[in-house]
Each structure stands twice: as C-alpha cells, then as structure tokens.
Amino acid sequence: MDDKKLEELKEIAKESRVWIIKSLAEAKSGHPGGSLSCIDILTYLYFHAMNVDPTNPDDPDRDRFVLSKGHCAPALYTVLALKGFFPKEELLKLRKLGSILQGHPDAVKVPGVDASTGSLGQGLSIANGMALAGKLDRKDYTVYTIIGDGETEEGQIWEAAMTAAHYQLGNLIAFLDYNHLQIDGRIEDVMGNGNFTNRFKAFGWHVIDIDGHDLQAIDEAVKAAKQEKDAPTMIIAHTVKGKGVKFMEHVADWHGKAPSYEQALEAIQLLGGTWEGK
Ligand SMILES: Cc1ncc(C[n+]2csc(CCOP(=O)(O)OP(=O)(O)O)c2C)c(N)n1
Ligand SMILES: [Mg+2]
C-alpha cells in the first residue's frame, strides 16, 4: 500500500471513529469499546481489500463480510455508510424504532450486510458456509470475518475452526479482535484462552499475528493470507478496546455503555473531529 492510500485510510478510520461515537451518543446505548477496536480492520477491508459495490450490494461475485461479534454493529454501519450503501444521516438513527440500523446487524434490512449476527459464536460458521459455497461454485470471492476474543468462549467457534480446516477453506480470512476484554472484564480472568496462535495452528489454520491498528500490517497479513490456498487464515489482531478515545481505552466498563453528549464531545475532540450543531 502506498503512502497516499495509507493516509487516506487513516483519515477514513478517524472519521469512522467520530461517527461511531456520534451514533452511540444519539442512541444512548450500544457498544463503543469493541467497535473502536475493530474499526481499522473494517476500514481496510471496505476501502482497500474488498470487491464490493454499493450500487449492487447483492452481486453474487462480491467478497463477503461477516461481523461475527455482531454487537459491534456501529463500526460496520459506519463503514457501509461512508462507502455509500446508505446515507450517513441514517447512522444517527441507530437503535431507534423503525430504523434499519438496529443494535445488531440485520442482513434483510441493511444494504451491504451479508449476515445477521449478534448471538456470539455463530458468525464463523456462517462465514464457513459462504466460503464453502464459493469453492463449490468455483467463484473466486473471498470471505472475511471478525470474531471477538471473548467470543471464542463459545464452543461453536471451535467446531467452526475444525470445519474450516477440514474443508481447506483457503478463501476464508478471519480476524480475531484480541483486545483482552469482554463484557465482564479480562478474558484471562473470565476464561483463560491459552495461546490463540498455537490453538488455531493446532486446529489446522494458517495463523498470522499483527498489530490490529497498523493498516500497513493488516495489508501485509491479508496479502499473505491470499497466498494460502489450502487452509483458512486467522489473523490474530492485537488491539486496544476503545482505541482512539483515551478515557475508553482498556476499560471494560466501556464495553456496552454509550457516552453522554458531554463525553461524546470530549471523545470527538480527542479524535480530532467536530460535531456541529451539538
Ligand atoms: C450467545 C451470546 N451470549 C452472550 C452475549 C452477550 N454479549 C454481548 S458482547 C459479549 C462479550 C463479547 O466479548 P468479545 O467477543 O471480546 O467482544 P469485544 O471485546 O470485541 O467487544 C457478550 C457476552 C451474546 N451477544 N451472545
Ligand atoms: Mg474482546
């Protein structure tokens, strides 16, 4: 990725963070921490890696994306809106009655959402199905997914890990958002996970460890993943929950709590953005 592209992506990620904060403050509920930890990955996917067209969201040849940790919907909605799948103003209707943007992504209602998620543990299996279908249909699309580190406490993740390796899903690229926190606190305290890298390797995956906020590292990892044709790739993305908003970083309490307007203004200022009219 050249410097120009890198700067462009950094700018979009910053703008996305501001929209995440605004939409959560308007909704008065939602999940800021995990949305901010995966937004650099989402920005990279939608603005550099994925073959998607907002004017043709159901193109059978498009790349697919499954947000397995569906509670981070505000991050997905933001990149979809900035990409042009629906108007940005819709983001301020997050979680409102009648809005297409509910607390968890609805593939039937939201243009660009490929899978309805939110019940943790299921998204990786959905991504497996899409990737297997792509192989059977001899299509060359890639399926991307993001799972949470807390989400790996769901047994279905490990069933899906077995399945993806068994079917040699080389067209599946998963990210593990390794922010060390889930709803109740530190992953290590709630359910110690051992070593994710070794675990996924043992399940037959191609595994790459990166800094999940380094867009250049994300780019290199995805390129390496695409070289691997016979095994799924798990990119262990080392991230910071709440990344970019200092008072939210590493704080479990910001898992599922919206900022007040005053906190939102402070967060937006920290991000270097503005919120006109508030
Ligand atoms: C099956 C299921 N059980 C419980 C929940 C409630 N829940 C929502 S988010 C969350 C914690 C997720 O932690 P993690 O995967 O680490 O997400 P992140 O840190 O990226 O926000 C839980 C338990 C859920 N959505 N689905
Ligand atoms: Mg987590």
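Student: Which element gives the most to the shell around ligand 1?
Tutor: Helix H2 does, with three residues. Bear in mind that this is a predicted model.

Student: Where does H2 run, and which strand also supplies at least two residues of that shell?
Tutor: H2 covers 32–49, and the strand is E4, at 181–182.

Student: Which residues come nearest to ligand 1?
Tutor: Gly34, Gly148, Gly150, Glu151 and Gln182, out of the 22 residues around the ligand.

Student: And how does the shell divide by class?
Tutor: There are 13 polar residues, five charged and four nonpolar around ligand 1.

Student: Switching to the sheet. What is the strand order?
Tutor: E1-E2-E3-E7-E6, five strands in an open sheet. The pairing is parallel.

Student: Which strands are at the edges?
Tutor: E1, at 64–67, and E6; each of these pairs on one side only.

Student: How are neighbouring strands turned against each other?
Tutor: By 20° on average, ignoring direction.

Student: How many bridges join E6 to E7?
Tutor: Six, between residues 206–211 of E6 and 233–238 of E7, with the two strands running parallel. One position to look at is isoleucine 208, which stands opposite isoleucine 235 in E7.

Student: What do E6 and E7 make with helix H8?
Tutor: A right-handed β-α-β unit, in which H8 spans residues 215–227.

Student: What about E7 and E3, how many bridges there?
Tutor: Six bridges, again in the parallel sense, with E3 at residues 172–178. Tyrosine 178 has histidine 238 of E7 as its bridge partner.

Student: Now the helices. At what angle do H1 and H9 pack?
Tutor: About 180°, and their axes are 9 Å apart. H1 is residues 3–27 and H9 is residues 261–271.

Student: So are they roughly parallel or antiparallel?
Tutor: Roughly antiparallel, because an angle over 145 degrees counts as that.

Student: Which residues of H1 and H9 make the contact?
Tutor: From H1, Lys14, Arg17, Val18, Ile21, Lys22 and Ala25. H9 brings Tyr261, Ala264, Ala267, Ile268 and Leu271.

Note on methods: Residues numbered from 1 in each chain as written. Chains lettered and ligands numbered in written order. Predicted model: local features only at pLDDT ≥ 70, side-chain atom pairs only at ≥ 80, totals over all residues. Axes fitted to C-alpha atoms, helices over the stretch in contact; angles between N-to-C directions. Helix = DSSP H or I, 4+ residues; strand = E, 2+ residues; numbered from the N terminus. Parallel < 35°, antiparallel > 145°, perpendicular 65-115°, else oblique. Contact = placed C-beta atoms within 7 Å. Near = placed C-beta within 6 Å. Nonpolar A, V, L, I, M, F, W, Y, C, P; charged D, E, K, R; others polar. Pairing = 2+ DSSP bridges. Right-handed = clockwise from strand over helix to strand, strands pointing away.
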